[in-house]
Amino acid sequence: MAANGNGEVAMNGNGAATARKPKGLLPSITTSDKHHDVCHDMSAPTVKAQTIDELHSLQKKKSAPTTPIKGIQGTFAALPEEERQKQQLQSISASLASLTRETGPKVVRGDPASKSQTSPRVHQQHVAEPAISASDSSLKFTHVLYNLSPAELYEQAIHYEKGSFITSTGALATLSGAKTGRAPRDKRVVKDDVTGEELWWGKGSPNIEMDEHTFMVNRERAVDYLNSLDKVFVNDQFLNWDPENRIKVRIVSARAYHSLFMHNMCIRPTPEELEDFGTPDFTIYNAGQFPCNRYTHYMTSSTSIDLNLARREMVILGTQYAGEMKKGLFSVMHYLMPKRRILSLHSGCNMGKDGDVALFFGLSGTGKTTLSTDPNRYLIGDDEHCWTETGVSNIEGGCYAKCIDLSREKEPEIWNAIKFGTVLENVVFEEHTREVDYADKSVTENTRASYPIEYIPNAKIPCVGPHPKNVILLACDAFGVLPPVSKLNLAQTMYHFISGYTALVAGTEEGVKEPRATFSACFGAAFIMMHPTKYAAMLAEKMQKHGATGWLVNTGWSGGSYGSGSRIKLAYTRKIIDAIHSGSLLKAEYKKTKVFGLEIPTEVEGVPSEILDPVNTWSNKLGYEDTLMKLAGLFKNNFETFTDHKIGKDNELTEEILAAGPNF
Ligand SMILES: Nc1ncnc2c1ncn2[C@@H]1O[C@H](COP(=O)(O)OP(=O)(O)O)[C@@H](O)[C@H]1O
Ligand SMILES: C=C(OP(=O)(O)O)C(=O)O
Ligand SMILES: [Ca+2]
Ligand SMILES: [Mn+2]
């Protein structure tokens with residue numbers, strides 16, 4: 001509270017400035033005569049800049065080259081940085097080359113809006129052979145924004161993409177446009193001599209055929225669209241944490257939202273890894289803002305997601321929903337991995353402190369992400385995995401959580417992962433505070449958060465683990481007749497794995513009062529490429545070999561169907577999952593249910609015993625019997641497609657699997 005003698009004032013404890021007050025006078029402030037007449041604040045040094053532009057140039061430290069020059073430590077003769085960048089741009093220009101004009105665009109590194117980039121140091125044009133006739137498109141520059149950082153992508157999104165905002169917790173809120181979910185009916189696969197033989201075609205298959213020529217028409221359409229832009233985003237990244245089966249992917253896109261989404265979802269290369277990246281194994285051309293041409297053969301809407309396995313390329317037209325890229329690459333893995341005798345899985349995966357691994361299979365919204373994210377266990381991944389001879393590996397570098405009705409109390413790990421770097425799709429937020437209202441479905445019910453896996457505190461990095469001990473099949477049964485948990489034998493596990501049951505609830509749609517059963521083979525029919533029995537046979541073999549136990553967990557309704565009953569409390573499902581992990585449920589007492597023949601425990605710690613047998617929770621017993629029979633009938637009908645396919649050595653499993661379904 002003291003002034004310091006030369007008239008300067010000190011702060012008192014409350015932060016208010018006070019001065020010594022001579023008796024009877026107003027406080028006077030004297031200026032030391034050492035000081036000049038004009039009041040300068042000499043305590044802060046001045047910046048070493050003559051102009052504002054110079055000042056701004058001081059702000060940004062020159063980054064080390066994205067790819068450090070190899071050999072700096074003296075092993076190799078170094079590639080000059082300029083030469084290395086040239087090669088990288090040449091590769092990108094080749095990716096963007098028009099196949100009819102045989103030339104790629106002149107690609108330049110950096111943002112066209114940035115002044116320092118007006119005289120690009122390095123640019124590259126891919127020329128297969130001398131161009132016969134130059135077109136305007138071959139004369140223009142396309143700027144390449146290569147593996148930008150999240151901060152740079154935020155700036156791009158906020159500046160150029162409508163609907164991009166920073167939320168109160170630092171996430172990037174974006175809009176995916178007219179499409180807020182995947183469009184499986186618009187996904188096409190090139191059928192050629194090889195894929196015609198290898199893939200699953202026809203009834204039930206997700207692979208809708210297209211020919212090579214039509215693919216090239218759409219590819220050219222996407223490439224021309226991308227080249228017509230001032231700038232494109234290019235991500236060079238990896239899939240699969242198993243180093244022996246790592247796949248290099250390149251994603252060319254027009255939106256910062258797409259680039260940041262894939263930055264989060266794929267494995268992020270280190271600068272050293274990027275240096276050796278070379279030619280990608282697979283390339284996505286995402287021209288989602290641009291529609292496909294309805295005059296093009298096979299096109300039935302303005303959306304087309306086209307996969308060409310021979311060319312190792314995917315083209316996206318007419319949808320900006322980012323999940324298409326993630327799940328499109330998953331389809332590719334469902335082709336590449338089984339060819340290497342590796343099982344690809346639509347499952348979450350986590351590991352206990354003792355190294356016990358669990359897989360969580362299930363269709364969208366059944367709880368893979370929610371239940372694999374567990375404070376007591378290490379997260380290996382929430383959605384896509386591989387099971388090899390040595391164990392499991394995550395395919396991705398991030399998670400994609402549903403966030404409708406997300407609550408801090410029930411899902412704190414996911415809640416806390418929604419921070420700077422996270423992409424929040426199609427959520428609604430308060431205009432001023434930017435606080436997200438997770439209950440708001442105005443844009444869509446399928447609101448999503450995409451974040452790097454390390455945003456979950458107990459993520460297991462690298463995302464690999466030993467062989468699974470438990471295989472948990474999640475079904476969200478909106479009929480409310482499946483038990484909250486059942487222990488499955490191997491044949492039952494296969495039966496339910498091949499069936500891939502869940503129920504969609506009509507939700508807010510008027511007139512629709514009944515839940516709709518969906519069966520999706522291998523809990524991911526939209527993504528598998530070969531016949532379901534191929535994956536099922538591999539799963540059976542692996543489970544048998546490693547002694548894994550199968551479980552069926554209903555994360556859906558109890559006490560009645562959707563409309564009269566209610567969804568099983570997440571806290572109870574978590575207790576059930578805990579009991580599976582700890583091994584205590586394996587030792588419980590069991591009884592067998594009618595019709596489905598499921599083994600259900602009589603007790604699970606922390607769960608009211610009466611809910612374990614669904615019949616107890618229905619007040620309308622007749623309604624229960626009817627609904628049970630109805631669901632059993634749907635299972636039977638669905639399974640008919642698979643009865644003529646053989647599984648297991650000498651098909652010994654086939655008969656058992658058939659017998660493992662409902663009996664009535
Ligand atoms: N008993 C329950 N078990 C699992 N999830 C539940 C349960 N009750 C409600 N939910 C909600 O269901 C959703 C499950 O979605 P998510 O875990 O993202 O599914 P997936 O990853 O399989 O697509 C989450 O929003 C979760 O909060
Ligand atoms: C992203 C998806 O997966 P999931 O809902 O299983 O998380 C999807 O199906 O589009
Ligand atoms: Ca002073
Ligand atoms: Mn998920």
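**Salt bridges, ligand shells and sheets**

Trainee: Which residue forms a salt bridge with aspartate 383, and how far apart are the closest N and O atoms?
Mentor: A salt bridge here is a side-chain nitrogen of Lys or Arg within 4 Å of a carboxyl oxygen of Asp or Glu. For aspartate 383 the partner is lysine 326, and the closest N and O atoms are 2.7 Å apart.

Trainee: How many residues apart in sequence are the parts that this pair ties together?
Mentor: Aspartate 383 sits in the loop between β17 (378-381) and β18 (384-387), whereas lysine 326 is in helix α9 (residues 323-339), so the parts tied together are 57 residues apart in sequence. Helices (H or I, at least four residues) and strands (E, at least two) are DSSP runs, numbered from the N terminus. The separation is 57 residues.

Trainee: What kind of model is this?
Mentor: Residues are numbered from 1 along each chain as its sequence is written, while chains are lettered from A and ligands numbered from 1 in the order in which they are written. Side-chain values use heavy atoms, leaving out hydrogens and water; local features need pLDDT of at least 70, side-chain atom pairs count only at pLDDT 80 or more, and totals for chains, interfaces and linings use all residues, this being a predicted model.

Trainee: Are aspartate 383 and lysine 326 buried or exposed?
Mentor: Buried means under 20% relative accessible area, exposed over 50%, and partly exposed in between (1.4 Å probe, protein chains only). By that scale both aspartate 383 and lysine 326 are buried.

Trainee: Which residues are linked with Lys326 and Asp383 in a network of salt bridges?
Mentor: The structure holds 19 salt bridges. Some join up. Besides Lys326 and Asp383, the network takes in Lys327, Glu384 and Glu396.

Trainee: Which residues lie around ligand 2?
Mentor: A residue counts as near if one of its heavy atoms lies within 4 Å of the molecule. The shell has one nonpolar, two polar and six charged residues. For these classes, Ala, Val, Leu, Ile, Met, Phe, Trp, Tyr, Cys and Pro are nonpolar, Asp, Glu, Lys and Arg charged, and the others, Gly among them, polar. The residues are Arg182, Lys326, Lys327, His346, Ser364, Lys368, Asp383, Tyr400 and Arg448.

Trainee: How much of ligand 2's own exposed area does the protein bury?
Mentor: A polar side-chain atom of lysine 327 lies 2.4 Å from an oxygen atom of ligand 2, and a side-chain N or O atom of arginine 182 is 2.6 Å from an oxygen atom of the ligand. Taken alone, ligand 2 exposes 290 Å². Areas come from the Shrake-Rupley method with a 1.4 Å probe. The buried part is 95%.

Trainee: What share of ligand 1's exposed area does the protein bury?
Mentor: An oxygen atom of ligand 1 is 2.7 Å from a side-chain N or O atom of lysine 368. A backbone N or O atom of isoleucine 568 lies 2.9 Å from a nitrogen atom of the ligand. Alone, ligand 1 exposes 570 Å², and the share buried is 90%.

Trainee: Which element gives the largest share of the shell around ligand 1?
Mentor: By class, this shell has three nonpolar, eight polar and five charged residues. The largest share, three residues, comes from α10.

Trainee: Which strands stand at the edges of the open sheet of five strands?
Mentor: The order is β6-β7-β21-β24-β20, with mixed pairing. Each edge strand has a single partner, so one side of each is left without a neighbour in the sheet. Strands pair if DSSP finds at least two bridges between them. The edges are β6 (165-166) and β20 (398-402).

How values were computed
Polar contact = N/O pair within 3.5 Å; in protein donor to acceptor, adjacent residues only side chain to side chain.
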